[in-house]
Amino acid sequence: MAKPPIGGNRTGRKLGQKVKKGKLKASSRRWLERHINDPYVQRAKLEGYRARAAFKLLEIDEKHQILKGAHRVIDLGAAPGSWSQIAAKVTDSTDDDIRVAAIDFLEMAQLPGVKILQLDFLDPDAPRQLIEAVGGTPNLVLSDMAAPTTGHQKTDHLRTMHLCEVAAHFAVEVLAEGGHFLAKTFQGGTEKDLLNMLKLNFRQVLHIKPASSRQESVEMFLLAKGFKGRKGGVITAAVDEDGFARDPREDIPAEEDQD
Ligand SMILES: C[S@@+](CC[C@H](N)C(=O)[O-])C[C@H]1O[C@@H](n2cnc3c(N)ncnc32)[C@H](O)[C@@H]1O
């Protein structure tokens, strides 16, 4: 995929625009300036995506081919819906043959071929509803969930990590063999136990920082490729030859993939 133009854009709007000092607080003005000058925001508008987040998924896919062969997709934390837009397209999902289920506690405008659940993913009934909505065994589970910020960095970090962990456990419960799991995480934040669990259930586990993820942000993505299946049951903890839980400090590192 061609990189967004630097210093200009195909929307015809110049980058480097300033927002006039007025009623806005300095922090809001800075946010707005960054937003309107962001080439990915402008490109998303141009290409009809609901969010700049689209390019994170497309960029990850360009290198790791997780969309090719996707036939049913579950999108966790989906609003406003750019990942669902991509998922609907690659699965040829239609309203008559739904292949994408999306969940968010925020309201999300309808999308052709996407069954939208306005619900908290942590609701105990959410997994059942998602499986029913997607109409079959998914082979791709996506999670871009980020907990609403409280202003307390450590709390925000822990809450988003918890969402990533619950999403990972959901993925190993529902994925078809060979399927993939992609989730938002934070730099240095993925729990060793979670990484170990993923390493045991998937053929490859990677940490990725796409170029479209703001460099100043601690956001990263965790990609687990090639689900090994549930034939012998999902492996939830590392065990030694005698079946005793292995020391979780003996972590299995995820590969780094930063370019
Ligand atoms: C970064 S946005 C997702 C953007 C989306 N991938 C796109 O392409 O448009 C993160 C979303 O996660 C949602 N979210 C966070 N916690 C959630 C939860 N417990 N259940 C459902 N959605 C959640 C938020 O409401 C927010 O809309």
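The structure is a predicted model, in which local features need pLDDT of at least 70 and side-chain atom pairs count only at pLDDT 80 or more, while totals for chains, interfaces and linings use all residues. Residues are numbered from 1 along each chain as its sequence is written, and side-chain values use heavy atoms, with hydrogens and water left out.

The ligand is surrounded by 19 residues, of which Ser82, Asp104, Asp120, Phe121 and Asp144 are the closest; a residue is counted here if one of its heavy atoms lies within 4 Å of the ligand. This shell comprises 13 nonpolar, three polar and three charged residues, where Asp, Glu, Lys and Arg count as charged, Ala, Val, Leu, Ile, Met, Phe, Trp, Tyr, Cys and Pro as nonpolar, and the others, Gly among them, as polar.

A backbone N or O atom of Gly81 lies 2.9 Å from an oxygen atom of the ligand, and for a polar backbone atom of Trp83 the distance is 3.1 Å. Of the 600 Å² of accessible area that the ligand has on its own, the protein covers 89% (Shrake-Rupley method, 1.4 Å probe).

Ser143 belongs to strand E4, residues 140-143 (strands are DSSP runs of E with at least two residues, numbered from the N terminus). The side chain of Ser143 reaches the backbone nitrogen of Met145 at 3.4 Å.

Technical notes
A polar contact is a pair of N or O atoms within 3.5 Å; within protein, one must be able to donate a hydrogen and the other to accept it, and residues adjacent in sequence count only if both atoms are side-chain atoms. Helices (H or I, at least four residues) and strands (E, at least two) are DSSP runs, numbered from the N terminus.
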